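The sequence and structure come first.

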Amino acid sequence: MAVFQARKWYSRSFSSLSSHPLHICVVGSGPAGFYTAEKMLKAHQAAEIDIIDRLPTPFGLVRSGVAPDHPETKIVVNQFSRVALNERCSFFGNVSLGTSISLAELRDMYHVVVLAYGAESDRILGVPGEDLKGIHSAREFVWWYNGHPDYKNLALDLKSTETAVILGQGNVALDVARVLLRPKRELAITDIANHALVSLEESCIRKVYLVGRRGPVQAACTAKELREILGIKDLYIHIQEADLLKSPADEEELKNSRIQRRVYELLSKAVTSQPSQPRSGQRELHFVFFRRPDKFLHSDNISGNVTGVCYEKTILKENGGSGKQSAVGTGQFEDLECGLVLKSIGYKSVPVNGLPFDNHKGMVPNIRGRVLSDVPGEHTFEKGLYVAGWLKRGPTGIIATNLYCAEETVASISEDLEQGLLTPSFPKPGREGLGQLLDSRNVRFVPFSGWEKIDVKEKADGSLRNKPREKIVSWQELLKVANE
Amino acid sequence: MSPPVSLDERQLTSVTRAGYLQGSCSRYLHPLILTISVAFSIPASPPMLLSSPTSSRASIPTLETLKISGGKKPRVSQHVIFGKHHPFSTTAAENEQKEKISVTFIDKDGEEKHIKVPIGMSMLEAAHENDIELEGACEGSLACSTCHVIVMDVDYYNKLEDPTDEENDMLDLAFGLTETSRLGCQVIAKPELDGLHLALPAATRNFAVDGYVPKPH
Ligand SMILES: Cc1cc2nc3c(=O)[nH]c(=O)nc-3n(C[C@H](O)[C@H](O)[C@H](O)COP(=O)(O)OP(=O)(O)OC[C@H]3O[C@@H](n4cnc5c(N)ncnc54)[C@H](O)[C@@H]3O)c2cc1C
Ligand code: FES
């Protein structure tokens, strides 16, 4: 109904920008969403783009994922802000696809809908005890320390144990370990959420284990992150020297990958430059290779808290002719005591109604960004529906990856426009329609100027504490400040 | 729909581009050089000082001021990265004529663009001043790899100082990496580089870093 009204309104007052505006809605304001918007604005003078996000704040994981001690990585928001301030682009915060508005409604109102809403859930291990208290996903922990409004109250106990186990050895795992181990006065001058800083200052965690199924040759992190954690002041690093032995297959892998070579070199150097024992009370980081979690352990009392992890030792086996090696169990087991477990084994996207979705992979089936229909056996595309970013490729890659990913999606849209598969000459209500629909549902969206108010307030609050910003972490306050 | 951000706020964000100290966060908090940032980069802000006589060379940070503010950042160029417009390009033009080198950029379609680059300026800044589409997501603070360029001639590549560990760390993640790849924000114009040819690696883009297998076109 609202859509109909909007259409009527639309045909009366025509946009001044172009005789045939191409209405585009991008869902998700992370790197993929913003890069898509930027490329579309450049490629199509008639494009009018609305970016919606379920949060009142833009920038996705640049705000809620990238570590607080990586301010330089977040500089990219300057570029994204310029996109948002473009006169043909609008931001609609506090608008959630699936709750405030349905996919069908969006597709009805816009010529093109690009879904770039990331990956907001977790892969699971599927081993016994995974639901015990004291076990969290890295995503939850990261959202907590980065002040995501949904996770400000995470029940995290950092005071009852000295030992944390992090499952996974990718960059997210390293971020998490660094936040746990880095001297707190160094974190105090970042944009870390205040509740997290307070908890970390009181934290008893002194020993962190980073556990991987494969060896140092296969470690999934990058040299930058590794160099950083190895460089933490007064941190004892432990790596089993025997783990560093390389097989011919390892040598072959190293030969083919610059990244793996440089990571391996850093790890080997770290071993030789360490004393054999930590001083008493010194903080410790242990890289544990060739182990896969078999089950989580707990005490018999009723607290239900995790007390350790039982691992199976693994060896590597060549994976067909791919040159890659995967871990297989050896039947030998070993327990490691700990009171906190953070699983960093991968993010996973969630579907919305009416969207073809591969539940196994946790992403949207697509070819170069065009969403494939659910019709079995056939290669048909959903007209006007595209994906970009983590929802399209799965949860890997750096911010820049989303740039190339968005370029690919925009190229597909441009091709489809050229071939007449989309119908920009058929008027659609676009922005006006969205505004009216939200209005009729009492959804009060946050425009970019609302975010700028939040931004100003956060920076002002931060400057009082020698921080670049003090993030506002409650929904209520975010909306209050944005609407002031 | 004019945003309520004060000019000061904008200056703060913009200035951090130049004043970032690698490996520390404090510089992000307290950018030291506030004078240099005039309305640029954010289209909505009025170009207040563009025609003002005070916006001359005097406001350009010297290498010294940048060193203070930039600390041990591997390379700091004499110029600050601005958006496309900056207030002092004409003022400095005459006396810099001699101190410029010729650089050719080859874009993703193979088209060449010849530009003059003042000594001391990074290739990222030079590209941006000349409307060459080189990304610079982190604005020259060695944290993104989007400014990746390929030096077309090994002899020229060898004239460059070796990349630092930090640059190599970012190059690891660059798309379409080659033996003569560098980060545009770390290549600084110097006389020996006159005649430099740089290619943007777009043509060879792929998702290799992700383990993503690109589909055939
Ligand atoms: C912990 C962590 C640290 C990282 N650190 C770095 C780093 O240092 N450097 C680097 O280059 N990369 C880093 N990355 C990777 C980088 O953040 C991702 O590649 C990138 O953010 C993915 O972009 P995206 O746009 O696909 O998703 P996201 O950034 O997740 O954006 C998705 C957006 O969609 C919104 N959304 C979700 N659901 C809905 C809905 N139903 N309706 C409307 N909006 C919705 C979300 O609020 C969010 O704003 C890191 C990733 C993580 C997880
Ligand atoms: S601009 Fe980011 S590394 Fe050069």
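This is a predicted model: local features need pLDDT of at least 70, side-chain atom pairs count only at pLDDT 80 or more; totals for chains, interfaces and linings use all residues.

A:Ala32 is part of helix H2 of chain A, which covers residues 31–43. The relative accessibility of A:Ala32 is 7%, so A:Ala32 counts as buried, the limit being under 20%. Leaving aside residues up to four places away in sequence, A:Ala32 touches A:Ala116, A:Ala388, A:Gly389, A:Asn402 and A:Ala406.

A:Leu97 is in a loop of chain A, between strand S3 (89–92) and helix H5 (103–109). With 11% relative accessibility, A:Leu97 counts as buried. Residues touched by A:Leu97, not counting those up to four places away in sequence, are A:Val27, A:Ser102, A:Leu103, A:Leu106, A:Leu115, A:Tyr117 and A:Val352.

## A second set of positions

UniProt, again in an unreviewed entry, also places the feature "binding site" at A:Gln169, A:Gly170, A:Asn171, A:Val172, A:Arg213, A:Arg214, A:Glu225 and A:Gly397. In chain A, the loop between helix H13 (390–393) and helix H14 (399–418) holds A:Gly397. Its relative accessibility is 33%, so A:Gly397 counts as partly exposed.

A:Glu225 belongs to helix H10 of chain A. At 9% relative accessibility, A:Glu225 counts as buried. Apart from residues up to four places away in sequence, A:Glu225 touches A:His70, A:Asn171, A:Leu174, A:Asp175 and A:Arg178.

## How H7 and H10 pack

Two packed helices are described by the angle between their axes and by the distance between the axes. Helix H7 of chain A (residues 171–181) packs with helix H10 of chain A (residues 223–230) at an angle of about 20°, and their axes are 10 Å apart. The angle is under 35 degrees, so H7(A) counts as roughly parallel to H10(A). The crossing of H7(A) and H10(A) is left-handed.

On the H7(A) side, the contact is made by A:Asn171, A:Leu174, A:Asp175, A:Ala177 and A:Arg178. H10(A) contributes A:Glu225, A:Leu226, A:Glu228 and A:Ile229. By class, the contact of H7(A) with H10(A) has four nonpolar, one polar and four charged residues.

Terms used. Residues are numbered from 1 along each chain as its sequence is written. Chains are lettered from A and ligands numbered from 1 in the order in which they are written. Side-chain values use heavy atoms; hydrogens and water are left out. Axes are lines fitted to C-alpha atoms, for helices over the stretch in contact, and angles run from 0 to 180 degrees between N-to-C directions. Helices (H or I, at least four residues) and strands (E, at least two) are DSSP runs, numbered from the N terminus. Angles under 35 degrees count as roughly parallel, over 145 as roughly antiparallel, 65 to 115 as roughly perpendicular and the rest as oblique. A crossing is left-handed if the near helix is turned anticlockwise from the far one by less than a right angle, and right-handed if clockwise. Contact means heavy atoms within 4.5 Å. Ala, Val, Leu, Ile, Met, Phe, Trp, Tyr, Cys and Pro count as nonpolar, Asp, Glu, Lys and Arg as charged, and the others, Gly among them, as polar. Buried means under 20% relative accessible area, exposed over 50%, partly exposed in between (1.4 Å probe, protein chains only). UniProt positions are given in the numbering used here, feature names are shortened, and annotations may be inferred rather than shown by experiment.
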